[in-house]
Amino acid sequence: MTWQIDFAHSSVHFTVRHMMFTNVRGEFEKFDGRIELDENNPEATVVDIQIDANSINTREARRDAHLKSPDFLDADNHPILTFKSKRVERNGESTARLIGDLTIRGEAREVVMDVEYAGQAKNPWGMMIAGFSGRTKINRKDWGLNWNQALEAGGWLVGDVITIDVELELIKQEVAEAV
C-alpha cells in the first residue's frame, strides 16, 4: 500500500559537533518520497526519499551557503540527496533496521537506520495516518565531505559524525477499485 508523506508533520534533521563542544542542528526543508508499506509483511516495505540539497537550513545563511558549496554538498552539481531502501529487518514489535543506500554528491553508501513505528490512527478528516521515527549516524568523510579547519587549541572545527533524524507522518493512499 502506498503512503504519502505529510510534510506539515514530517522532518529531516541532522546534528554535527562544532568546535568539538556543541552540537549544531540543521534540517532539510524540502524532501519528497514514496513509501510502499506492506502492513502484513513489514520486511517487504520499500522507502525511496529525495532531499533537496539547496533546502538545507542551519539558521545561519553564511554556513548554509558554505554547506551548499563544493566543500560539502556541492548542491549546484548534486542538487538531490537520496535514500533507497534495500531491506527491512524487524528487531522488535515496533522497531526495525532499515538498510539502504544514501547518496550524497553522487556517491552511494549503505547505511542502517534504526526505525520505530509509532502506530496508526484516523486523523480528524477520516484519513488513516501512520508515524515513524528513524535515526542513523554517518561519517561525512565517507561521502567526500572532507573540508575542515584545525583549531588553535587542538581538534577540528567540524565533527566527522553526523546524526540524521527523520520523523515521518504518512497518509494512506486509497486505491480506486477496478470496475
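Author: We take the aromatic pairs and then the salt bridges. Keep in mind that the model is predicted.

Reader: How is a pair of aromatic rings described?

Author: Such a pair is described by two values, the distance of the centres and the angle of the planes. In this structure, a search of the whole model gives 4 aromatic pairs. One of them is formed by F14 and F28, with 5.6 Å centre to centre and 45° between the planes, and this pair is tilted.

Reader: Which parts does the pair of F14 and F28 tie together?

Author: F14 belongs to strand 2 (residues 11-18) and F28 to strand 3 (residues 22-28), so the pair ties together parts that are 14 residues apart in sequence.

Reader: Is F14 buried or exposed? And F28, buried or exposed?

Author: The cut-off for buried is under 20% relative accessible area. F14 has 10% relative accessibility, so F14 counts as buried. F28 has a relative accessible area of 9% and is buried as well.

Reader: What pair do Y117 and F132 form?

Author: Y117 and F132 form a tilted aromatic pair, at 5.1 Å centre to centre and 40° between the planes. This pair links distant parts of the chain, 15 residues apart: Y117 is in strand 9 (residues 107-122) and F132 in strand 10 (residues 128-139). The relative accessible area of Y117 is 30%, so Y117 is partly exposed, whereas F132, at 18% relative accessibility, counts as buried.

Reader: Now the charged contacts. How many salt bridges are there?

Author: The count comes to 11 salt bridges. In one of them K86 is joined to D101, and the closest N and O atoms are 3.3 Å apart. This pair also links distant parts of the chain, with K86 in strand 7 (residues 80-90) and D101 in strand 8 (residues 95-104), 15 residues apart.

Reader: Which residues are linked with K86 in a network of salt bridges?

Author: The network links K86, D101 and E110. K86 is partly exposed, at a relative accessible area of 46%, and D101 is partly exposed at 24%.

Key. Residues are numbered from 1 along each chain as its sequence is written. This is a predicted model: local features need pLDDT of at least 70, side-chain atom pairs count only at pLDDT 80 or more; totals for chains, interfaces and linings use all residues. Side-chain values use heavy atoms; hydrogens and water are left out. Rings of Phe, Tyr and Trp (its six-membered ring) pair if their centres lie within 6.5 Å; planes under 30 degrees apart count as stacked, over 60 as edge-to-face and the rest as tilted. Helices (H or I, at least four residues) and strands (E, at least two) are DSSP runs, numbered from the N terminus. Buried means under 20% relative accessible area, exposed over 50%, partly exposed in between (1.4 Å probe, protein chains only). A salt bridge is a side-chain nitrogen of Lys or Arg within 4 Å of a carboxyl oxygen of Asp or Glu.
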